[in-house]
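Subject: Structure handover

Hello,

Here is the structure for your files. My notes follow below it.

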Amino acid sequence: MTDAIADSVWGWLRDPEHVLEGLLVRNSDERAVGLLHFRSCPRPLSGRDMGFADDMFVLPEARGSGAADALFDRLGSIAAERDWPVVRWVTQYYNERGRGLYDRYTSGPSDFIMYQWDLRPRGSGIYRFAAVDRPAWPAICASTQPTA
């Protein structure tokens, strides 16, 4: 992570209008030993918001101490307060230790597969969008608009 990325994330976390929120867990010496970034996100097929956990990290020396459980417990309380029916997150398939923790809070991995569409040309940092002529879209969109 670059300093510019860290600055962006800290800016989001400190902005009460931004959707990203964070939790820190501290040890008995008040040292931060873990974090969890999360946000509300719409779940259109249920017409409700749900929670999404973006990042979770616990220092290696604090793993197994209950720090991760404390983060999950607090996230669960927030989810209940906000009436989120679910909290979702993504992990790497080879994250065996993390998956062991996650399996304790869930019934195991969901049946969804995550895809990521990288729209930046390699090395450019610039997003590339192609113009596509779709004449059917205006008619379809117009038909879904409420009538006066």
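Which residue in β2 stands opposite L23? The residue is L36.

Before the rest, two points on how to read the model. It is a predicted model, so local features need pLDDT of at least 70 and side-chain atom pairs count only at pLDDT 80 or more, while totals for chains, interfaces and linings use all residues. Residues are numbered from 1 along each chain as its sequence is written, and side-chain values use heavy atoms, with hydrogens and water left out.

**The sheet**

Four strands form an open sheet. Their order is β1-β2-β3-β4, and the pairing is mixed. Strands here are DSSP runs of E with at least two residues, helices are runs of H or I with at least four, and both are numbered from the N terminus. Two strands pair if DSSP finds at least two bridges between them. The edges are β1 (21-26) and β4, each pairing on one side only. On average, neighbouring strands are turned by 30 degrees against each other, direction ignored. For that angle, axes are lines fitted to C-alpha atoms (for helices over the stretch in contact), and angles run from 0 to 180 degrees between N-to-C directions. β1 and β2 run antiparallel and pair over six bridges. As a reminder, strands of a sheet pair through backbone hydrogen bonds, either parallel or antiparallel.

**Salt bridges**

The count is six salt bridges. The rule is a side-chain nitrogen of Lys or Arg within 4 Å of a carboxyl oxygen of Asp or Glu. Three of them are described here, starting with D54 and R39.

- D54 and R39: the closest N and O atoms are 2.7 Å apart. D54 sits in strand β3 (residues 48-58) and R39 in strand β2 (residues 32-43), 15 residues apart. D54 is partly exposed at 28% relative accessible area, and R39 is partly exposed at 26%. On this scale, buried means under 20%, exposed over 50%, and partly exposed in between (1.4 Å probe, protein chains only).
- D83 and R48: the N to O distance is 3.1 Å. D83 counts as exposed at 51%. R48 is partly exposed at 33%.
- E81 and R74: the N to O distance is 3.4 Å. E81 is exposed at 58%, and R74 is partly exposed at 38%.

**A histidine to look at**

Is H37 buried or exposed? H37 is buried, with a relative accessible area of 12%. Its place is strand β2. Beyond neighbours within four places in sequence, H37 is in contact (heavy atoms within 4.5 Å) with V9, L13, L20, E21, G22, F52, A53, D54 and D55. One of these, D54, also forms the salt bridge with R39.

**Positive phi**

Most residues other than glycine have a negative phi. Which residues to check? E30 has a positive phi near 70 degrees and is not a glycine. E30 lies in the loop between β1 and β2 and is exposed at 54%. D83 also has a positive phi, about 60 degrees, and is not a glycine. D83 is the residue in the salt bridge with R48.

Best wishes
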